[in-house]
Amino acid sequence: MEDFVGCLETTINTKVKDNAVKQEIEKNDELIRSSLRAVVSLSMIRDAESNQRFSNFFRLLKTSEFGPKLESIISEADSKDIDSMDTS
């Protein structure tokens, strides 16, 4: 878990250059979104919150500029879990 946090933290905090073209900005945004999806997936692992570094990282993300994106991804994940449940 420790290794994941370091890599995800680096990816999420990567900033594009001031002179970046639209394609670079979009690519960076997608990398951030993918990393946030990975964070949400890791948070669903039993006892993930027992890892102090991950727990702190997750809490920090929720209160950062990425909070709204993170909450959106959490909502998407929750709705997919509901949709994939067997209702027979």
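Throughout this report, a residue is buried if its relative accessible area is under 20%, exposed if that area is over 50%, and partly exposed in between, with a 1.4 Å probe and protein chains only. By this definition Phe54 is buried, and Phe58 is buried as well. The model is predicted, so local features need pLDDT of at least 70 and side-chain atom pairs count only at pLDDT 80 or more, while totals for chains, interfaces and linings use all residues. Residues are numbered from 1 along each chain as its sequence is written, and side-chain values use heavy atoms, with hydrogens and water left out.

## Overall architecture

The secondary structure consists of four helices and zero strands, in the order α-α-α-α along the sequence. Helices (H or I, at least four residues) and strands (E, at least two) are DSSP runs, numbered from the N terminus. The C-alpha trace spans about 55 × 30 × 20 Å along its principal axes. The protein has 88 residues, of which 28% count as buried. Contact is defined as heavy atoms within 4.5 Å. Among contacts with a separation of 6 or more, 63% are accounted for by residues 24 or more positions apart.

## Helix packing

Two packed helices are described by the angle between their axes and the distance between the axes. Here the axes are lines fitted to C-alpha atoms, for helices over the stretch in contact, and the angles run from 0 to 180 degrees between N-to-C directions.

| Helix pair | Angle between axes | Distance between axes |
|---|---|---|
| α1 and α2 | about 150° | 9 Å |
| α1 and α3 | roughly 25° | within 9 Å |
| α2 and α3 | roughly 130° | within 11 Å |

Orientation is classed by angle: under 35 degrees is roughly parallel, over 145 roughly antiparallel, 65 to 115 roughly perpendicular and the rest oblique. A crossing is left-handed if the near helix is turned anticlockwise from the far one by less than a right angle, and right-handed if clockwise. For residue classes, Ala, Val, Leu, Ile, Met, Phe, Trp, Tyr, Cys and Pro count as nonpolar, Asp, Glu, Lys and Arg as charged, and the others, Gly among them, as polar.

Helix α1 covers residues 2-12 and helix α2 residues 22-43, and their axes pack at about 150°. This angle makes α1 roughly antiparallel to α2. The crossing of α1 past α2 is left-handed. On the α1 side, Phe4, Leu8, Thr11 and Ile12 meet Leu31, Ile32, Ser35, Leu36, Ala38, Val39 and Leu42 of α2. The residues of this contact comprise nine nonpolar, two polar and no charged.

The axes of α1 and α3 cross at roughly 25°, which makes α1 roughly parallel to α3. This crossing, too, is left-handed. Glu2, Val5, Gly6, Leu8, Glu9 and Ile12 of α1 form the contact with Arg53, Phe54, Phe57 and Leu61 of α3. By class, the contact of α1 with α3 has six nonpolar, one polar and three charged residues.

Within α1, the residues Val5, Gly6, Leu8 and Ile12 are buried. The cover over the buried residues of α1 includes α2 and α3, the latter spanning 52-63.

The axes of α2 and α3 cross at roughly 130°, and the two helices are therefore oblique to each other. Their crossing is left-handed. Leu36, Val39, Leu42 and Ser43 of α2 make this contact with Phe54, Phe57, Phe58 and Leu61 of α3. By class, it has seven nonpolar, one polar and no charged residues.

## Phenylalanines of helix α3

Phe57 lies in helix α3 and is buried, with a relative accessible area of 5%. Leaving aside neighbours within four places in sequence, Phe57 is in contact with Val5, Leu8, Glu9, Ile12 and Val39. The C-alpha atoms of Phe57 and Cys7 are separated by 12 Å, although these residues are 50 residues apart along the chain.

Rings of Phe, Tyr and Trp (its six-membered ring) pair if their centres lie within 6.5 Å; planes under 30 degrees apart count as stacked, over 60 as edge-to-face and the rest as tilted. By this rule the count comes to one aromatic pair. The rings of Phe54 and Phe58 have centres 5.9 Å apart and planes at 15°, so this pair is stacked. Phe54 and Phe58 are four residues apart in helix α3 and are therefore separated by about one helical turn.

Asp47 is located in the loop between α2 and α3. The phi angle of Asp47 is near 70°, a positive value in a residue other than glycine.
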